[in-house]
Amino acid sequence: MPENKANNILDKATFEVLFKSNFVHLCNFALQFVGDMDTARDITQKIFIHLWENRAQMNPDKAIRSYLFTSVKNRCLNHIRDQKKYRSRILDVDIHEVDIAFEEDQLAVDELQTRIDLALSRLPEKCRQVFELSRFEQKKYQEIADKLDISKKTVEAHMSRALRSLREDLGDYLYLLLLLSANYFY
Amino acid sequence: MLNHAIKKMKEDNKNIDYLELSSKYLSGNATDAEVQQLETWVLAAPSNKKEFLILRQAWLKANTKVVDKAINVNEEWKAVEQQISASAKMVALKPKRRGLFLKIAAAVAVLVVASLWLFQSGGGENKLTVFSESRLKEQKLNDGSQIALNQFSTASYSVGADGSRQVQLKGDAFFDVARDTSRPFVINTQDVNITVLGTSFYVDSRHQQDNIQVIVSSGTVAMEVGGQKVILTKGEVGTYVKSSQQLSENTNDDPNFLAWKTKRLVYENERLEKVVYDLNRTFHANVSLANSDLNNCPITATYQDKSLDAILRIIEKTLTLKATTNGQQTVISGTCN
């Protein structure tokens, strides 16, 4: 654990570095929860402004980054709640456990990206199309069914299959990453 | 193996297609009844909860791709800089807020607890220690996992207070770990932690070596040392260089890493230096080359069920070199072209 240094208040230059080196990761992280880029960007900006306004209480050590990620997540969850987008407190919030953001680790993010691309490329064409419409464009099952001229049942089947496949390709990888990120600050 | 695990889990939950429910839920297509059904399933067993967490992570992280190119950090910074400059005066007058620190402290506390949970070496009562001495030794653990120890290696197995499976390793060994996502299997060896859920892999942590290596045969393995970490999958090797304290991952191109177990060494135009390295690993021997000119002598051969001595004799013949054994040490000398 880094030691807290007295009188070591975050200065603007350090803040700028902190901002520029973390902004994209934090947006990325936020996007996972909120789904659209503008909201993700907006939330991330607000977190940074909040950090600056409260810098007197912060120390420019590693804890700030953990704080940033935790804040972004909390604000995202609040946002989803306010938008009435989340359906189950149990499934969305209560069981969050260990998933503090490993996005702090650039190497992990880069590698994860490679693995995700690979996992997606392994899906059968139709299956991937369905998944991407749902995941990246937030289309409802019925909309996807209409657009691709297939039944809703088929959309459901493709989605199950895509999720299972991602789980097989990424599941253990992600889970270990989570276990490690919990250990990472220790 | 994973397929099998998922299939099994499916059978265990015959009445519910949790994959369909999860994908509906995560994508925002579940009805209220389906949300409730999924909640019930998730809360029914720790393994269900873990499975859902993993599915949700896969779902969440799948979206990682889109962001990078869409953001211009300098533009974003300008916007934020304007805002903080504009509000500077106001901020100075604001009363200091507390709470922030507490939040961080809480976050850190959670993390510390989480890591204690993971790596605590508690329990200790049911400790099983295995030495291999001068022969290969295989040991089955009560969770179904299997450890094959190379010569002169030691493994101590215990179960932590939280149920996690823990092994202290000295030397080198091959692990075939029975899958159990709720109880991670953690191997500790010379500062390196290796965490797995269910997979098979080789760990080379011989003390006299410059490196510690983990080579993965199947599944996924996390290797961690002093804050550095790599996650390895089938066909990959993680290497920790002790002197520089650097951890890296690569594709494994060494077909002979399990020769001590398979009794088979295969070479296709390989350098003698590498062959000597393999002999030392396979037989825990101490073979060296008299001079560095010998490093590149080419060898093409397959040694099946041969003793160290027999292999040395063959090398002597094919390369017209001389292997001299003195006590524990063997030196190969001469010249090859």
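**Figure 1. The loop at B:Q190.** B:Q190 sits in the loop that joins strand 6 (185-189) and strand 7 (192-196) of chain B. Helices (H or I, at least four residues) and strands (E, at least two) are DSSP runs, numbered from the N terminus. The model is predicted: local features need pLDDT of at least 70, side-chain atom pairs count only at pLDDT 80 or more, and totals for chains, interfaces and linings use all residues. Residues are numbered from 1 along each chain as its sequence is written, while chains are lettered from A and ligands numbered from 1 in the order in which they are written. B:Q190 counts as partly exposed because it has 13 C-beta neighbours inside 10 Å. The cut-offs are 20 or more other C-beta atoms within 10 Å for buried, 12 or fewer for exposed, and in between for partly exposed, with C-beta atoms placed from the backbone. Leaving aside neighbours within four places in sequence, B:Q190 is in contact with B:S205 and B:I212. Contact requires C-beta atoms, placed from the backbone, to lie within 7 Å. B:K242 is 52 residues from B:Q190 in sequence, yet their C-alpha atoms are 9.5 Å apart.

**Figure 2. The loop at B:I16.** This residue is in the loop between helix 1 (2-12) and helix 2 (18-26) of chain B. B:I16 is partly exposed because 16 C-beta neighbours lie inside 10 Å. Its contacts, leaving aside neighbours within four places in sequence, are B:L21, B:Q37 and B:W41. B:L38 lies 22 residues away from B:I16 in sequence and 8.6 Å away in space, C-alpha to C-alpha.

**Figure 3. Helix 3 against helix 4 of chain B.** The axes of helix 3 (residues 32-44) and helix 4 (residues 46-61) of chain B come within 5 Å and cross at roughly 120 degrees. Helix 3 of chain B contributes B:W41, B:V42 and B:A44 to the contact; helix 4 of chain B contributes B:N48, B:K49 and B:F52. Axes are lines fitted to C-alpha atoms, for helices over the stretch in contact, and angles run from 0 to 180 degrees between N-to-C directions.

Figure 4. Helix 10 (residues 272-283) of chain B has twelve residues. From first C-alpha to last it reaches 16 Å, close to the 16 Å expected at 1.5 Å a residue. The expected span is 1.5 Å times one less than the number of residues. Buried here are B:L272, B:V275, B:V276, B:D278, B:L279, B:R281 and B:T282. The buried residues of helix 10 pack against several elements of chain B, including strand 14 (264-271), strand 16 (298-304) and helix 11 (308-319). Most residues other than glycine have a negative phi. B:H284 is partly exposed because it has 19 C-beta neighbours inside 10 Å.

**Figure 5. A:D149 between two helices.** A:D149 lies in the loop between helix 7 and helix 8 of chain A. A:D149 is not a glycine, but its phi is positive, about 55 degrees. A:D149 is exposed because 6 other C-beta atoms lie within 10 Å.

**Figure 6. The nonpolar cores.** A nonpolar core is a set of buried Ala, Val, Leu, Ile, Met, Phe, Trp, Tyr and Cys residues joined through C-beta atoms within 7 Å. The largest has 72 residues. Those with the most contacts inside this core include B:A58, B:I194 and B:V221. Helix 8 (residues 152-184) of chain A gives the largest share of this core, eleven residues. Another core, of 25 residues, lies apart from it, with A:C27, A:L51, A:W52 and A:C76 among its members.

**Figure 7. Helix 2 of chain A.** Helix 2 (residues 37-53) of chain A has 17 residues and reaches 24 Å, close to the 24 Å expected. Its buried residues include A:I43, A:I47, A:L51 and A:W52.

**Figure 8. Confidence along chain A.** Chain A averages a pLDDT of 78, and 75% of the residues score at least 70. pLDDT is the predictor's confidence in each residue, from 0 to 100. Residues 97-104 of chain A stay under 50. Where pLDDT is low, the predicted coordinates should not be read in detail.

Terms used:
Two residues are in contact if their C-beta atoms, placed from the backbone, lie within 7 Å.
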